[in-house]
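Here is a quick walk through a two-chain model, written for someone who likes to check geometry by eye. Keep the viewer open and follow along.

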Amino acid sequence: MAQQKHKILIIDDDNHLRESLAEVLDLEGYATIEAGNAKSGIASAKKHNPDVVIMDIQLPDSSGFQICQELRRHSRDWVLIMMTGRFLSAEEKTQGLSLGADEYLTKPFDIQELSIRIRQLLARRGK
Amino acid sequence: MTEAPKKRGRLFYKFLLIFLIVSLVPLGIVGYYLVNLSQITLNRAISRDQEALAVGFADTVSSYIINFRNVLFDAAHLEDFASMNVAKQQALVSHIMQLHPAFLEISVINADGQETVRLGRFVHDTKMRDLSNDALFTKVMRAGEFVGGLEKYMGSYPAITMGVQIVNPQTNQPVGAVLAKMSLTALSSLLKTGFPEATHTQAAVIDSSGFLIAHSNSKEIYKPDAKLPDDVLNVLLRNDAKTGSGEMILESTGERVLAAFAEVTELGWVVYIQRSVSVAYQASDDMLKRTWRMMLIVTVFVLFLGYAVSLVITQPIQALREAAIKLGEGDFDYLPDLSMPNDEIGELAHTFMQMSESLKVKTAEIMTAKDELERLNRSLENRVEARTRELKSAQDELIKKERLAAIGQMASVVGHEIRNPLAVINNSIYFIKTKNNAVPAPDPKVAKHISIIESEIRQANGIIDEILGFARTRELNPKIMHINSYLEDLTMSFPVPPHVELVKSLAPENPVVSIDPDEMAQAIRNLIKNGIEVMPEHGKVYVRSEVVDPGTVRVDVEDTGPGIPKETLEKIFAPFFTTKARGTGLGLAVVKKVADRHKGRVEVTSVVGQGTCFRIFLPIVQNPPPAPR
């Protein structure tokens, strides 16, 4: 299992959330990389080539949609999951999905559910 | 139809007055003029007549006297008489006295002045007198003749003495004289015959000294001191004119008289005639009386005629007035009969009728227009009211929407900001729980507290969900679906506690509706949740669907809880209204909002002690697409 650890990049400006999410995903058996803003997040993704990127929809230097679009341009292989604290309108959801997002998460979320969902998405990509 | 009071207008009296003036004034003027004229004419005529009479009578008097003088003269010139034969003279004188009763006495005197014959009616002393020194005899012998010497013979009869010379026809020498006294009472008789008492005219003859010789009233003449009134005498004796006439007022009696006088030539006497004005003007007075009588008759006649004419003239006017009053009262239908004669007033009446007809039509038009206007006004008012109500409700709606939008915005921010920390706590507690479960003997108390924290996180998240659910303004995402299967799915997944029984009763028609499944689920879940919450011991929740009419399906969620009091019932759909110790008060507000957004409505009925029933009415999709989900 240890050799097959999937890499998850978490981009969020909220340190506590980012760290706690990284910790629980560690517990769930993932390797996590953290980034506090969009710029470092994108750089980190390019550098580490993560299996999954979980990003907040609102970041100080960019919107989640823009990052999503940029990351998807880079690699069609990454699972992209967007997090939000509020309800999304149907248009927003459609927009996000069309830009390449795989899943939406509404905070707070059940870790086990998230874990299961990640596995499903990875399996779909044959990982 | 009320009878107008039969009041005589002022016009009626004006007409009467005018008629009276028009008829009486000319009559009065003519009468006055005629009376005046007649008086003047009478005055002149009578004066002239009287003067003529006076002149005529003066002639008569003169002739009368001269006639007798001539008798004496003729006798004295007879040869028999001049012979101075006493016997012959006596016979002649006697003959004269027999012929002329006016002679009272006649004496024949010879040239020596001795009386030779003396005959007299009242003389019984036949003794011849010596008259040689007698003034009268001397005068006759010198002048040839004499007439004069007026006296009251025997103290009563006015008499005159006249004398003539006895002339010898051969020698033409005076041989003596004849002296005679003659009575003048015959003159009075003459006057009386000329001016009888009935004529109210008095006539008199006086001499230049005022001696009353004759008077038409014979009684006057026999008075011992008979004479005319002083004022009359004054006028007569001082006047130099031969004749004259005029009107004067007698001082003694105050009587107005018309008087005339004429001088008797040779004798120096005056004939005076007077007539009382009242008598003289009898005719004009009669005329005056007749005029007055005429005026009275005319007045009465004019009053009657004027009354009739005024009636004829004013009655149509009165009728017109009544008609005008009726017209003024707006009574067009019962105007009095105005069939009038074919004259100006008739034309006026005709014009009036035309005017009233026109007025009637116009008034009707105006009334119609007024009614129409009132109707329009009312309709306008109603429309304005309705519009105002609409505006008000729209404004209220807008304010509510704005308020809700502001609340929504705030709730969205707050919710989002709280969800982050909740997510962190959730992650952390998951971490702790995982770690705690990993140890060989996990502490049960830690596990319990972890569970408490997890539950509270869920609750907090639920509150945020509720707030955000109410506040969210995302567009409806409706889907065409059968109501029954939707409700089945919804209730199936709902965690119903064991003490509550959920009873479903679904419409056999299974109508198709267009709903946003997420939102509708939230609404119906809120209702079921509420129902469960009010029944902590045990109870039933009924979920029903029923077609109420071809276009509407009703979804009921009913509980058997304690019910809601009426005063509370009205407010339960208001946002933030709650009777629970905990809760946002948004659950039912969301239900209402969802129902409204689906073009439906929500109603509630409740019986305290029996339960509450919420009813959501939704429109049925009439021609659903071929393959609804």
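## Helix pairs

H10(B) and H11(B) cross in a left-handed way. This is a predicted model, so keep that in mind for everything below. In chain B, helix H10 covers residues 344-438 and helix H11 covers residues 444-471, and the two pack with their axes 9 Å apart at an angle of about 160°. Angles over 145 degrees count as roughly antiparallel, and H10(B) and H11(B) are therefore roughly antiparallel to each other. As for what sits between them, the residues of the contact of H10(B) with H11(B) come out as 17 nonpolar, six polar and three charged.

Chain A has a helix pair to look at as well. Helix H2 (residues 38-48) of chain A and helix H3 (residues 64-74) of chain A have axes that come within 11 Å and cross at roughly 15°. That makes H2(A) roughly parallel to H3(A), since angles under 35 degrees get that label. The crossing of H2(A) past H3(A) is right-handed. On the H2(A) side the contact is made by A:Ala38, A:Gly41, A:Ile42, A:Ala45 and A:Lys46, while H3(A) brings A:Ile67, A:Glu70, A:Leu71 and A:His74. Sorted by type, the residues of this contact of H2(A) with H3(A) are five nonpolar, two polar and two charged.

Zooming out, chain B has 15 helices and 17 strands. It runs to 629 residues, of which 27% count as buried. If you take contacts in chain B between residues at least 6 apart in sequence, 64% of them join residues at least 24 apart.

Which residues have the most contacts inside the largest nonpolar core? They are B:Val178, B:Ile206, B:Val271 and B:Tyr272, in a core of 67 residues. Helix H1 (residues 10-76) of chain B gives the most to this core, namely 11 residues. Another core, of 39 residues, lies apart from it and includes A:Ala22, A:Met83, B:Leu422 and B:Val424.

Leaving out residues up to four places away in sequence, B:Val271 touches B:Ala54, B:Phe57, B:Ala58, B:Val61, B:Ala203, B:Val205, B:Phe261, B:Ala262 and B:Val264.

## Where the chains meet

The contact takes 17 residues from chain A and 21 residues from chain B. On the side of chain A that touches chain B, helix H1 (residues 15-27) of chain A supplies the largest share, with seven residues. That side of chain A divides into nine nonpolar, four polar and four charged residues.

## Some single residues

Two spots in chain B pair residues that are separated along the chain. B:Leu24 is in helix H1 of chain B. B:Leu24 and B:Val298 are 274 residues apart in sequence, yet 7.3 Å apart in space, C-alpha to C-alpha. Setting aside neighbours within four places in sequence, B:Leu24 is in contact with B:Met295, B:Val298 and B:Thr299.

Residues up to four places away aside, B:Gln114 touches B:Ile109, B:Met128 and B:Asp130. B:Gln114 counts as partly exposed, because it has 14 C-beta neighbours inside 10 Å.

Now for some backbone angles.

| Residue | Phi | Loop |
|---|---|---|
| B:Lys599 | about 60° | between helix H15 (587-597) and strand E16 (601-607) of chain B |

A:Asn49 is partly exposed, because 13 other C-beta atoms lie within 10 Å. B:Lys599 counts as exposed, because it has 11 C-beta neighbours inside 10 Å.

Last, a cis peptide bond: the one from A:Lys107 to A:Pro108, with omega near -15°. A:Pro108 sits in the loop between strand E5 (103-106) and helix H5 (111-124) of chain A.

How values were computed. Residues are numbered from 1 along each chain as its sequence is written. Chains are lettered from A and ligands numbered from 1 in the order in which they are written. This is a predicted model: local features need pLDDT of at least 70, side-chain atom pairs count only at pLDDT 80 or more; totals for chains, interfaces and linings use all residues. Axes are lines fitted to C-alpha atoms, for helices over the stretch in contact, and angles run from 0 to 180 degrees between N-to-C directions. Helices (H or I, at least four residues) and strands (E, at least two) are DSSP runs, numbered from the N terminus. Angles under 35 degrees count as roughly parallel, over 145 as roughly antiparallel, 65 to 115 as roughly perpendicular and the rest as oblique. A crossing is left-handed if the near helix is turned anticlockwise from the far one by less than a right angle, and right-handed if clockwise. Ala, Val, Leu, Ile, Met, Phe, Trp, Tyr, Cys and Pro count as nonpolar, Asp, Glu, Lys and Arg as charged, and the others, Gly among them, as polar. A nonpolar core is a set of buried Ala, Val, Leu, Ile, Met, Phe, Trp, Tyr and Cys residues joined through C-beta atoms within 7 Å. A residue is buried if 20 or more other C-beta atoms lie within 10 Å of its own, exposed if 12 or fewer, and partly exposed in between; C-beta atoms are placed from the backbone. Two residues are in contact if their C-beta atoms, placed from the backbone, lie within 7 Å.
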